[in-house]
Amino acid sequence: MTETVLRCERVVTPDGVRTDAMIKIGDGVITELGPSTGSGEPVEGWVLPGYVDTHVHGGGGGDYPTTDPDEALQAREFHARNGTTTSYASLVSAEPDLLVRQIETLVPLVEAGAFAGIHLEGPFLSAAKCGAHDPALLTPPTPELLDRVLAAGAGRIAMITIAPELDHGRDAVQRLSRAGVRVAFGHSDADDRQTAASIDAGATVATHLFNAMRPIHHREPGPVPRLLDDHRVTVELICDGIHLHPDVITMAIAAAGPDRVALITDAMSAAGLADGSYALGHLDVAVAGGAVHLVNPDGSAGSIAGSTLTMASAVEFVVGLGVPVPDAARMAATTPARAHGLDRVGELTVGRQADLCVVDDQGRLQRVLQGGRWKVAE
């Protein structure tokens with residue numbers, strides 16, 4: 001067994017922050033965590049569990065909605081270098097035959113350990129809150145179509161975003177949740193009552209809270225208050241300063257708490273690349289100042305279309321808002337791992353995978369260890 005010993009300045013664990021601590025790693029697993037013995041490779045700064053991104057479409061020039069496994073792995077490696085040691089592969093709305101081929105492309109990559117699961121963000125979404133999804137591709141979650149995508153997924157589909165007010169919506173939420181697939185409420189025009197019913201039926205995640213759903217109104221609250229308040233729901237936040245105002249982010253964290261907030265990127269292929277023209281599925285998008293928007297037929301900017309965010313940048317952003325580093329670590333790793341039943345990652349404890357991120361006091365990523373091996377930054 002190959003063994004590595006790290007002498008760490010500060011380690012964020014489920015029991016609190018340990019100072020001058022030792023992490024011993026064998027064959028990619030944490031075998032011991034305790035007080036430093038004075039030996040080992042010195043690691044300055046904060047040692048956090050490796051980040052867990054459960055909603056991401058690509059990056060580094062590669063897409064997860066693809067039929068080319070090498071393209072998916074290109075994007076996966078980009079995000080790994082930026083702190084995402086565990087990732088879902090998120091797809092977007094597509095014509096059923098293409099969606100099935102994309103799912104079938106990803107299944108072997110999940111089985112090989114490159115991804116922790118597949119997330120379908122579409123096509124079971126509301127046309128009224130479609131965001132960057134082509135309304136012509138949206139469809140209710142009929143039993144027949146669910147049968148087809150689940151069969152293609154071969155047990156590797158981990159989460160499906162659904163607008164529960166659609167025909168067959170509530171039945172689909174119940175069926176999927178009973179089958180062990182996480183159901184995310186999202187891209188929905190549901191009101192408060194319909195939102196509550198979807199949670200009772202088994203929805204446990206809110207897809208990018210606030211975005212692509214009814215806003216809060218003082219007489220018609222919509223879904224947001226319910227999603228923030230219900231202890232059964234984990235709420236995703238895109239913390240890039242574009243999707244949400246900083247005050248809204250701090251309000252949401254205060255309302256739900258770090259144990260129910262999961263940082264996500266919702267990143268697309270242009271993450272890590274220069275501003276310019278790109279594609280999201282079959283739709284044209286433009287990136288300017290890091291913000292991604294659909295391109296309307298007249299060339300003007302349309303809806304926000306994903307992000308160019310990395311988990312490293314998301315953690316740095318929330319720490320810059322005043323979130324303590326240990327709370328940021330919970331939202332970037334522990335909470336999403338627990339909410340999705342990923343029991344080998346998300347915490348720095350004995351027996352877990354040796355995945356960790358090293359950050360400075362400002363939350364800026366310094367180093368990444370994945371499976372006991374340091375990633376090499378490009």
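Which residue in E21 is the bridge partner of Leu369? In this predicted model, the partner of Leu369 is Trp374. The two strands concerned, E20 (residues 365–370) and E21, run antiparallel and are joined by two bridges. Trp374 also takes part in a contact of another kind: the charged end of Arg367 sits over the ring of Trp374, at 3.6 Å from the ring centre.

Strands E20 and E21 belong to an open sheet of seven strands, in which the order is E3-E2-E1-E4-E19-E20-E21 and the pairing is mixed. Strand E3 (29–35) and strand E21 (373–374) stand at the edges of this sheet; each has a single partner strand, so one side of each lacks a neighbour in the sheet. In general, the strands of a sheet pair through backbone hydrogen bonds, and the pairing is either parallel or antiparallel.

Another open sheet contains eight strands in the order E5-E8-E9-E10-E11-E12-E13-E14, and here the pairing is parallel. Its edges are formed by strand E5 (51–53) and strand E14 (261–264), each of which has a single partner strand, so that one side of each is left without a neighbour in the sheet. From one strand to the next, the twist averages 25°. Strand E13 (residues 234–238) runs parallel to E14 and is joined to E14 by four bridges. Within this pair of strands, Glu236 stands opposite Ala262 in E14. Helix H9 (residues 325–339) packs on the sheet and touches E5, strand E11 (182–185), E13 and E14. The direction of H9 makes about 105° with that of E14.

When residues up to four places away in sequence are not counted, Leu263 touches residues including Val52, Leu237, Met311, Val318 and Met331.

A search of the whole structure finds one aromatic pair. The rings of Tyr64 and Phe115 have centres 4.9 Å apart and planes at 85°, so the pair is edge-to-face. Tyr64 lies in the loop between strand E7 (62–63) and helix H1 (69–81), while Phe115 lies in the loop between helix H2 (96–111) and strand E9 (117–121), so the pair ties together parts that are 51 residues apart in sequence. Both partners are buried: Tyr64 has a relative accessible area of 0%, and Phe115 has one of 3%.

The loop between E14 and strand E15 (276–280) holds Ser269. At 7% relative accessibility, Ser269 counts as buried, because the cut-off for a buried residue is under 20%. With neighbours within four places in sequence left aside, Ser269 is in contact with Gly58, Gly59, Gly60, Gly61, Gly62, Asp63, Tyr278 and Ala279. Asp266 lies in the loop between E14 and E15 as well. Asp266 is also buried, with a relative accessible area of 6%, and has a positive phi of about 55° although it is not a glycine.

Most residues other than glycine have a negative phi, and most peptide bonds are trans. Ala212 is placed in the loop between strand E12 (203–206) and H6. A cis peptide bond, with omega about 15°, joins Gly122 and Pro123. Pro123 lies in the loop between E9 and helix H3 (143–153).

A hairpin is formed by E17 and E18, with five residues between the two strands. In the turn, Gly299 has a positive phi of about 90°. Strand E17 (residues 291–295) and strand E18 (residues 301–304) run antiparallel and are joined by two bridges. Val295 stands opposite Ala301 in E18.

Key. Residues numbered from 1 in each chain as written. Predicted model: local features only at pLDDT ≥ 70, side-chain atom pairs only at ≥ 80, totals over all residues. Heavy atoms only, no water. Phe/Tyr/Trp six-rings, centres within 6.5 Å; stacked < 30°, edge-to-face > 60°. Buried < 20%, exposed > 50% of the residue type's maximum accessible area, 1.4 Å probe, protein only. Lys NZ or Arg CZ within 6 Å of the ring centre and 35° of its normal. Pairing = 2+ DSSP bridges. Axes fitted to C-alpha atoms, helices over the stretch in contact; angles between N-to-C directions. Contact = heavy atoms within 4.5 Å.
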